[in-house]
Amino acid sequence: MAPTVPSAAKSASPSQPSGKSEVADLKQQLRQLAGSRAPDADDQRRDVFKRVISCMTAGIDVSAAFGEMVLCSATSDVVTKKMCYLYVGAHARAHPDLALLTINFLQRDCRDQDPTIRGLALRSLCSLRVPNLVEYLVTPLATGLKDPSSYVRMIAAVGAAKLYHISATACIDADLPASLKALMLSDPDAQVVANCLHALQEIWSQEAANSEAAAREIETLYSKPVVFYLLNKIKEFSEWAQCLVLELASKFLPSDNNEIFDIMNLLEDRLQHANGAVVLSTIKVFLHLTMSMTDVHQQVYERIKAPLLTLVGAGSPEQSYSVLCHLHLLVMRAPMLFSSDYKSFYCQYSDPSYVKKLKLEMLTAIANESNTYEIVTELCEYAGNVDVPIARESIRAVGKIALQQYDVNAIVDRLLQFLEMDKDYVTAETLVLVKDLLRKYPQWSHDCIAVVGNISSKNIQEPKGKAALIWMLGEYSQDMHDAPYVLESLVENWDEEHSPEVRLHLLTAVMKCFFKRPPETQKALGATLAAGLSDTHQDVHDRALFYYRLLQYDPAVAERVVNPPKQAVSVFADTQSSEMKDRIFDEFNSLSVVYQKPSYMFTDKEHRGPFEYSEDLTNLAVGAEAQENVISAQRYQENDNDLLLSTSDKEDNGTRASNGSVASTYNAPSDLVGSSLISSQAPAETSLINTSGPTYSSQSNFSLDDLLGLGLNESPAPPPQPTLTLNSKPVLDPGTFQKKWGQLALALTQECSLSPQGAASLMNPQSLIRHMQSNYIQCIASGGQPPNYKFFFYAQKDGATAFFLVECIVNTASAKAQLKIKADDGTAAEAFSTLFQSALSKFGLS
């Protein structure tokens, strides 16, 4: 029997080469062509080079052919040269030992008669980025800056910046910045001047941190002779170079108003440029130069309006979106500026969704008494849009305009008409807006409730819409005849409701309804509390337990807490602070405007990655190894203090860990989840006589037993915690602080939240230090960069020598603070932690 022949390996497709055989074949062909003088040798080299580049593009390692590629580089064909340079630049950093083979032929090409080859060779030589080959770059660069060809000088200017990034010392020692500066001020070619300016800015901006001379050189770039020299030549520059010069001009500090007007006259025609980047750069110069001139600044707004509106209507959707973002920023500062041009922001059918959404925000921002009717009429048309997200945004825009107190009567009527549309998302969004309107305009409750009362909760599927309806059922249950019964049906379907937001609103609504219509809501209240206490969601469970304890303590107090007198909301919170908006305005014509956040929030490495501080007070440093101190915006915030459980419950359910967290899970009181709670039998009225329980208000003639149909024994209220008073003038030197910090054991480790205003105010860390000092808590050391800051605080117990030491790490992005507390008196650590967190939570609110 003949032996079985092994199956041949599947050959690779010529169009998709793979494997060592293909690379070996290419090497062999390159060797044959290296010294060939055949007439068609250049064409054959070009074909083989194309195959090598194709393999490289496909991800195949062709570095084995490095030597052969270098041997074949001796050709006058520019296309072949380009492919060879591309290959060399791609493999030089990964194979620095092989990169040395390219130096000779690249230096030879830098002296070629053809300026195109000289420029390509110089660019490839600077693109090797191999530190060991720096010595071979200096001479070609210095020669290239003096080359008679502007193309070579242009490449040499950029190559100087590349050399600085490879070896800053070599670049400075060769005095290349001085050569670049001289070339920038004397070269007749505009592109060479622009490249020199860019290279100088890049070199000196990084060198200024270590050299005063570099800092002075940067100041010379912003001097009047340089700025006016470049502005006078601005028409000769390319669009990219014009933006570079305009960015330089925006940082120029004029000595008087005449210089401001001279610059504006020079740049007047740039506002009509076809390129949007040039127009925005020019606008930035105008706005920054006139910040101190109020009347002229307002005239600048009027002048830039037409160019911006032209850019919105012309060009690509991406350009329109970018310009609209800048327009939105300007409207926030001057709302009346575009109030008469509101029709320019009407949505077009062909607009992408992201442009439509931004236009809706613009219409909301520019609405006033004169144009509200027309804008709201247009927005109502969008409510039936086939694009559901845009329809939602249009309804929200109508509500925002109503909250601005413009033509409220007509807008409320329009919103109530939305409720008649047979679309779930329209109904849900409208209910949320009606809820907000009732919070600000309670006088409209009668008209709104008459329409809302006809809506069935079964027809609303979205959690936010259902939560808004439930809020109105509880808040206005006295005016809605079926409110208790609707709430009762929702409680019966508690297990089918998956949204914690809806369950939380349902708990509160039933409590409010109970105090307004007790007989009809009594049964629903008991079932709601029982369902809430057995809920797996922590917030729902905690609120149900809080309501239960509150009713157990005093129903009159519970009514004052849950159902206080209604107060109209005058102003809804803004998502961005004024400081944040000013900072974004300072970064006009950048991605900060598009992202609507300062640049450090999406560029700084510290903001994106782990952040750690040293324990040594004298070395507040950034680290990247340990992550135990890193505060994440998505980190789950645990409850450190159980303020709802009584002392006996805490002892039964678990012990408190050393870091202040409760080790056990919550359990519903056994007497509340029994069958008597959900029994359909009417509760027997009994009088509450319990000498050990709290004394109820005389206004309350019913007990928790009567409310829920239970026979419960009242437990005494826990004794109040003793208050802690701090010394107003504590004294502790840094040496003693550091010694105590190393000796004392860690008493508490907790995490708390800051208000959004407090997080925004931390752009100036001194404001937090002053705020804590007003609460008798002193700062002994601080450090860090946005968004992470670290503070060391100390305080002293009044009338004693005991000190409290705190390490506070704040992350402004997540508005969270991580605390480590050490104390001479460990028994007072909890009280001090409460006091410290209370002071921290008030930061930025005053």
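How many helices and strands are there in the protein? There are 41 helices and 5 strands, where helices (H or I, at least four residues) and strands (E, at least two) are DSSP runs numbered from the N terminus. This is a predicted model, in which local features need pLDDT of at least 70 and side-chain atom pairs count only at pLDDT 80 or more, while totals for chains, interfaces and linings use all residues. Residues are numbered from 1 along each chain as its sequence is written, and side-chain values use heavy atoms, with hydrogens and water left out.

**View 1. The protein as a whole.** Of the 846 residues in the protein, 49% are buried (under 20% relative accessible area; exposed is over 50% and partly exposed in between, with a 1.4 Å probe and protein chains only). Among contacts (heavy atoms within 4.5 Å) with a separation of 6 or more, 65% join residues 24 or more positions apart.

**View 2. Arg-118 in helix α7.** Here we visit Arg-118, which sits in helix α7, residues 115-126. Arg-118 counts as buried because its relative accessibility is 12%. Its side chain meets that of Asp-147 in a polar contact of 2.9 Å (a pair of N or O atoms within 3.5 Å; within protein, one must be able to donate a hydrogen and the other to accept it, and residues adjacent in sequence count only if both atoms are side-chain atoms). Not counting residues up to four places away in sequence, Arg-118 touches Asp-109, Cys-110, Arg-111, Asp-112, Gln-113, Asp-147, Ser-149 and Val-152.

**View 3. Leu-163 in helix α9.** Leu-163 belongs to helix α9, residues 150-166. With a relative accessible area of 1%, Leu-163 is buried. Leu-137 is 26 residues from Leu-163 in sequence, and their C-alpha atoms are 7.6 Å apart in space. Beyond four places in sequence, the contacts of Leu-163 are Val-134, Leu-137, Val-138, Leu-141, Ala-168, Cys-171 and Leu-176.

**View 4. Ala-391 in helix α22.** Next comes Ala-391, found in helix α22, residues 388-403. Its relative accessibility is 0%, so Ala-391 counts as buried. Between the C-alpha atoms of Ala-391 and Leu-379, 12 residues apart along the chain, the separation is 8.8 Å. Neighbours within four places in sequence aside, Ala-391 is in contact with Tyr-382, Ala-383, Asn-385 and Tyr-425.

**View 5. Helices α30 and α31.** Helix α30 (residues 538-553) packs with helix α31 (residues 555-562) at an angle of about 135 degrees, their axes 6 Å apart. Axes are lines fitted to C-alpha atoms, for helices over the stretch in contact, and angles run from 0 to 180 degrees between N-to-C directions. The two helices, α30 and α31, are therefore oblique to each other (angles under 35 degrees count as roughly parallel, over 145 as roughly antiparallel, 65 to 115 as roughly perpendicular and the rest as oblique). Phe-546, Tyr-547, Leu-550, Leu-551 and Tyr-553 of α30 make the contact with Pro-555, Val-557, Ala-558, Val-561 and Val-562 of α31. By class, this contact has 10 nonpolar, no polar and no charged residues (Ala, Val, Leu, Ile, Met, Phe, Trp, Tyr, Cys and Pro count as nonpolar, Asp, Glu, Lys and Arg as charged, and the others, Gly among them, as polar).

**View 6. Helices α40 and α41.** The axes of helix α40 (residues 765-773) and helix α41 (residues 829-841) cross at roughly 130 degrees and come within 10 Å. Thus α40 and α41 are oblique to each other. Leu-768, His-771 and Met-772 of α40 make the contact with Phe-836, Ala-839 and Leu-840 of α41. That contact of α40 with α41 has 5 nonpolar, 1 polar and no charged residues.
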